[in-house]
Amino acid sequence: MSTPAVILRHARVEDVPLILNLIHALAAYEKEPPSTVRATESSLTKTLFPAAPSKPYARVILAFTPSGEAAGMALYFNSYSTWRAAPGIYLEDLFVYDRFRGRGYGTALLAALAQEVKSICGERLEWSVLKWNEPSIKFYESIGAENMGKEWQVMRVTDDALENLSGKGPEVKWE
């Protein structure tokens, strides 16, 4: 039996330090200062591996070399398509260390997510990519991804804007 080129597994709680290192490496790749990463080992543990009966907000698939060295990760969560009335997966972050790019790790992570979409009878795997990241855009298009940026604009509310929005609108009665 031959040695696999890529080893994948779902992250475990003991992987939290590795996940945080991968997040910091992703931030550096995206030219973000380290201070923009607010994630901590504690916050990752609470959100990825919460105590029962809570469910995790997201999951992580880790990629390793045959020798066991960490090569990358895919951090994702379930989504839903109203038009298709079907579940899917939103890929929040895909990251492969530079020294492992071009060796199939990114493809293996995306294929694993596609398999997971199929396993939940889902119909969509979706993610965002920075417009300046041409190498990634070309890679994604080469595997069949459609660039939705021509018709769609990503919107986000965080920090003070999120706090302000939570207090807006008319008085509401929930039933």
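**Figure 1. Lys 31 and the end of helix 1.** Lys 31 is exposed, with a relative accessible area of 63%. In this predicted model, Lys 31 occupies the loop between helix 1 and helix 2. Its phi is near 65°, a positive value in a residue other than glycine. Lys 31 follows helix 1.

**Figure 2. Helix 1 and its packing partners.** Helix 1 comprises residues 16-29, 14 residues in number, and its first and last C-alpha atoms lie 20 Å apart, close to the 20 Å expected at 1.5 Å a residue. Its buried residues are Val 16, Ile 19, Leu 20, Leu 22, Ile 23, Ala 25, Leu 26 and Ala 27. These buried residues pack against helix 2 (41-48), strand 2 (59-64), strand 3 (70-81) and strand 4 (86-96).

Figure 3. Apart from residues up to four places away in sequence, Val 60 touches Arg 9, His 10, Ala 11, Ile 19, Leu 48, Met 73, Ala 74, Leu 75 and Tyr 76.

Figure 4. Helix 3 has 15 residues and spans 21 Å from its first C-alpha to its last, close to the 21 Å expected at 1.5 Å a residue. Tyr 105, Gly 106, Leu 109, Leu 110, Ala 112, Leu 113, Glu 116 and Val 117 are its buried residues. They lie on the same side of helix 3 because they cover an arc of only 155° around the axis. An α-helix has 3.6 residues a turn, so residues three or four places apart point the same way. Gln 115, Lys 118 and Ser 119 are exposed on the other side of helix 3. The cover over the buried residues of helix 3 includes strand 1 (7-10), strand 2, strand 3, strand 4, strand 5 and helix 4.

**Figure 5. Cys 121 after helix 3.** Helix 3 is followed by Cys 121, which is placed in the loop between helix 3 and strand 5. The phi of Cys 121 is near 60°, a positive value in a residue other than glycine. Cys 121 counts as exposed because its relative accessibility is 62%, where exposed means over 50%.

Figure 6. Asn 133 is located in the loop between strand 5 (124-127) and helix 4 (134-142). With 7% relative accessibility, Asn 133 counts as buried, since the limit is under 20%. Its side chain makes a polar contact with the side chain of Tyr 29, at 3.0 Å. Phe 139 belongs to helix 4 and, at 26% relative accessibility, counts as partly exposed. Leaving aside neighbours within four places in sequence, Phe 139 is in contact with Gly 106, Thr 107 and Leu 110. The C-alpha atoms of Phe 139 and Met 73 are separated by 16 Å, the two residues being 66 residues apart along the chain.

**Figure 7. The cis peptide bond at Pro 53.** The peptide bond from Ala 52 to Pro 53 is cis, with omega near 10°. Pro 53 is situated in the loop between helix 2 and strand 2.

Figure 8. The structure holds nine salt bridges, among them the pairs Asp 159 with Arg 38, Glu 14 with Arg 12, and Glu 175 with Lys 173. Side chains of opposite charge can pair when their charged atoms come close. For Asp 159 and Arg 38, the N to O distance is 3.0 Å. This pair links distant parts of the chain, as Asp 159 is in helix 5 (residues 159-166) and Arg 38 is in the loop between helix 1 and helix 2, 121 residues apart. Asp 159 is partly exposed at 45% relative accessibility, whereas Arg 38 is exposed with a relative accessible area of 65%. Between Glu 14 and Arg 12 the N to O distance is 2.9 Å. Glu 14 counts as exposed at 52% relative accessibility, and Arg 12 as partly exposed at 41%. In the salt bridge of Glu 175 with Lys 173, the closest N and O atoms are 3.4 Å apart, and both residues are exposed.

Key:
Residues numbered from 1 in each chain as written. Predicted model: local features only at pLDDT ≥ 70, side-chain atom pairs only at ≥ 80, totals over all residues. Heavy atoms only, no water. Helix = DSSP H or I, 4+ residues; strand = E, 2+ residues; numbered from the N terminus. Expected span 1.5 Å × (residues − 1). Buried < 20%, exposed > 50% of the residue type's maximum accessible area, 1.4 Å probe, protein only. Contact = heavy atoms within 4.5 Å. Polar contact = N/O pair within 3.5 Å; in protein donor to acceptor, adjacent residues only side chain to side chain. Arc of directions from axis to C-beta. Salt bridge = Lys/Arg side-chain N within 4 Å of Asp/Glu carboxyl O.
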